[in-house]
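Open the model in your viewer and keep the sequence panel beside it.

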Amino acid sequence: MKKWFMRQYWRIQQSQTLISMGFWASTLTLLIWPYVSWRFEAESTMAGIKMTYWGLFGIGASVILIVLLIGRVYDATLGLWREHLTIVQERNPFTTYQLNAPFGILLAQTNAILRRMAPEDEEIQRHCDFIERWLVWNSEQEIWARTMSSLKNIIGEEDPFLFHLGSDSRDRLSAAADELQDY
């Protein structure tokens with residue numbers, strides 16, 4: 001239910017840009033029109049369209065062009081969105097410390113290969129130990145339980161078997177995934 005509401009909220013946000021542009025154009029057009037309407041003779045026409053409509057359309061198009069010009073300056077000249085994206089990346093746990101389950105499974109496979117390729121190298125073994133601790137910690141997070149729950153629903157078996165986790169961690173993750181399936 002929460003996911004459904006979040007999707008609706010996201011849709012509202014996405015449509016807000018177009019709706020706002022329409023409101024900007026119509027509001028400013030109607031606010032500006034009383035000051036410039038005297039320049040357009042209501043009875044004269046151009047291409048079969050009354051000059052009043054040409055004036056309203058011109059003001060609306062000008063408002064949209066000005067907003068697009070400001071957006072262009074904001075984007076290309078000032079580049080302020082870059083800093084915004086940096087902050088978004090810094091606040092995203094999946095770019096700093098958290099792993100999603102599919103990437104974690106690939107990382108575990110790579111870690112196992114690395115561990116087997118250099119069993120005598122202490123630094124590599126230490127690194128592999130760190131990766132395993134990181135993977136175990138991530139396996140205890142809700143996102144992994146949700147992924148495992150979804151995979152169980154899709155595949156319909158006890159897979160995926162996460163070889164890099166100990167039996168206790170696998171059991172906890174499986175129990176958390178089963179609990180989510182009950183909802």
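A contact here means heavy atoms within 4.5 Å. Among contacts in the chain between residues at least 6 apart in sequence, 55% join residues at least 24 apart. This is a predicted model: local features need pLDDT of at least 70, side-chain atom pairs count only at pLDDT 80 or more, and totals for chains, interfaces and linings use all residues. Residues are numbered from 1 along each chain as its sequence is written, and side-chain values use heavy atoms, with hydrogens and water left out.

**Select the whole chain.** Colour by secondary structure: there are seven helices and two strands. Helices (H or I, at least four residues) and strands (E, at least two) are DSSP runs, numbered from the N terminus. From that end, the order is α-β-β-α-α-α-α-α-α. The radius of gyration, taken over C-alpha atoms, is 29 Å, well over the 16 Å that the globule rule gives for 183 residues, so the chain is more spread out than a compact globule. That rule is 2.2 Å times the number of residues to the power 0.38. Along the principal axes, the C-alpha atoms fill a box of roughly 90 × 40 × 25 Å.

**Switch to burial.** Of the 183 residues, 20% count as buried. Buried means under 20% relative accessible area, exposed over 50%, and partly exposed in between (1.4 Å probe, protein chains only).

**Now select Ile49.** Ile49 sits in strand β2 (residues 49–50). Ile49 counts as partly exposed because its relative accessibility is 37%.
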